[in-house]
Amino acid sequence: MSRLPLEKKVLSENDRIAARLRERFLARQVFCLNFISSPGAGKTSLLERTLERLRPSERVALLTGDIQTDNDAKRLACFGFPVKQITTGGTCHLDAQMIERALADWPLESLDTLLIENVGNLVCPSSYDLGEAAKVVVLSVAEGEDKPLKYPAIFFKAELLLLNKTDLLPYVSFDLAKARAYALQVHPGMEIIELSCKTGAGLDDWMRWLARRRELAFGSPDLPEKCCE
Ligand SMILES: Nc1nc2c(ncn2[C@@H]2O[C@H](COP(=O)(O)OP(=O)(O)OP(=O)(O)O)[C@@H](O)[C@H]2O)c(=O)[nH]1
Ligand SMILES: [Mg+2]
């Protein structure tokens, strides 16, 4: 058998399971985001900064994918929200079946928001629908401004681009204006937020986007920041 039909079959089976997941998320009003980036762009750091801004009563849970180790789950578990690590054992992306299995013993009724950190990889995760409401791509300024042009699929499919590590701009050659222009060339109208998980710059904008996007999906802004209390 040639490679193409097999790949098509795997992807269509994934789409079938993802559609089932999406239906369940919609029925239970669980807002799900799928975070994708190259290794080390700052997905876990962003989730850490997000969780520390939420009230402990928020009904948020996390799934984090990695080829090896449960390092990210350990980092995220400190915040008191339910976290599960999905260790793929070599697979370079999460797929819908992995999500379905991980959720098997988690009652979705107890959740309002599910945040999924995908395996660090800008290519393969873009092909696998996980039933999420939206994909968010994280690009750090240490990676070069041309990445939207070189890896267009994920920049086309993601609703939001988070340009992270802006605190490093004085030390790296990264043209922010070009990065924005390239992202918009691939995905006209794409939303872009510049931030630094280290200094906290831009994190308020990110938290506002999260609350607004959840409200758009389900009407109720259940993700207020602690500072809004
Ligand atoms: N200077 C700086 N460093 C950051 C920032 N965000 C993350 N880092 C650092 O970048 C490294 C990688 O961050 P992670 O959050 O682990 O990245 P990740 O995308 O989750 O990585 P993988 O899960 O391995 O794909 C860590 O050393 C972080 O401390 C930032 O805004 N500025
Ligand atoms: Mg991580």
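# Notebook: a seven-stranded parallel sheet

I started with the sheet of this predicted model: its 7 strands form an open sheet in the order E3-E2-E4-E1-E5-E6-E7, with parallel pairing. Two strands count as paired if DSSP finds at least two bridges between them. Helices (H or I, at least four residues) and strands (E, at least two) are DSSP runs, numbered from the N terminus. At the edges I found strand E3 (83-87) and strand E7 (191-194), each pairing on one side only. From one strand to the next, the twist averages 20 degrees.

For my own bookkeeping, residues are numbered from 1 along each chain as its sequence is written, and chains are lettered from A and ligands numbered from 1 in the order in which they are written. Since the model is predicted, local features need pLDDT of at least 70 and side-chain atom pairs count only at pLDDT 80 or more, while totals for chains, interfaces and linings use all residues; side-chain values use heavy atoms, with hydrogens and water left out.

**Entry: the whole chain**

I looked up the overall make-up and found 8 helices and 7 strands in the protein chain. The radius of gyration is 17 Å, close to the 17 Å that the globule rule gives for 229 residues, so the chain is as compact as a globular protein of that length. That radius is taken over C-alpha atoms, and the rule is 2.2 Å times the number of residues to the power 0.38. The C-alpha trace spans about 55 × 45 × 35 Å along its principal axes.

I then checked burial: 50% of the 229 residues count as buried. Here buried means under 20% relative accessible area, exposed over 50%, and partly exposed in between (1.4 Å probe, protein chains only). Of the contacts with a separation of 6 or more, 71% come from residues 24 or more positions apart; contact means heavy atoms within 4.5 Å.

**Entry: strand E1**

How many residues of E1 are buried? I got 7 of the 7, so this strand is largely enclosed by the rest of the structure. Both faces are covered, with Phe 31, Leu 33, Phe 35 and Ser 37 on one side and Cys 32, Asn 34 and Ile 36 on the other.

Next I followed the pairing. E1 and E4 pair in the parallel sense over 5 bridges, and Phe 31 stands opposite Thr 113 in E4. Another 5 bridges join E1 to E5, also running parallel, where Phe 35 stands opposite Val 136.

Helix H2 (residues 43-51) lies across strand E1 (31-37), E2, E4, strand E5 (134-140) and strand E6 (160-164), and runs at about 145 degrees to E1. Helix H7 (residues 176-186) touches E6 and E7, and its direction makes about 160 degrees with that of E7. Axes for these angles are lines fitted to C-alpha atoms, for helices over the stretch in contact, and the angles run from 0 to 180 degrees between N-to-C directions.

**Entry: the cores**

Which residues touch the most other members of the largest nonpolar core? Of its 27 residues, they are Leu 33, Phe 35, Leu 46, Leu 162, Leu 195 and Trp 206. A nonpolar core is a set of buried Ala, Val, Leu, Ile, Met, Phe, Trp, Tyr and Cys residues joined through side-chain atoms within 4.5 Å. Helix H8 (203-218) is among the elements supplying at least two residues, and H8 gives the most, with 6.

I listed the neighbours of Phe 35, leaving out residues up to four places away in sequence; among them are Leu 46, Leu 115, Val 136 and Trp 206. Another core, of 22 residues, lies apart from the largest one and includes Val 30, Ala 61, Ala 96 and Ile 116.

**Entry: single residues**

Gly 65 sits in strand E2 and is buried, with a relative accessible area of 2%.

Glu 100 lies in helix H4 (residues 96-103). Is Glu 100 buried or exposed? At 18% relative accessibility, Glu 100 counts as buried.

Last, I looked at phi. Most residues other than glycine have a negative phi. Gln 29 has a positive phi of about 55 degrees and lies in the loop between helix H1 (3-27) and E1. Thr 69 has a positive phi of about 70 degrees and lies in the loop between E2 and helix H3 (71-77).
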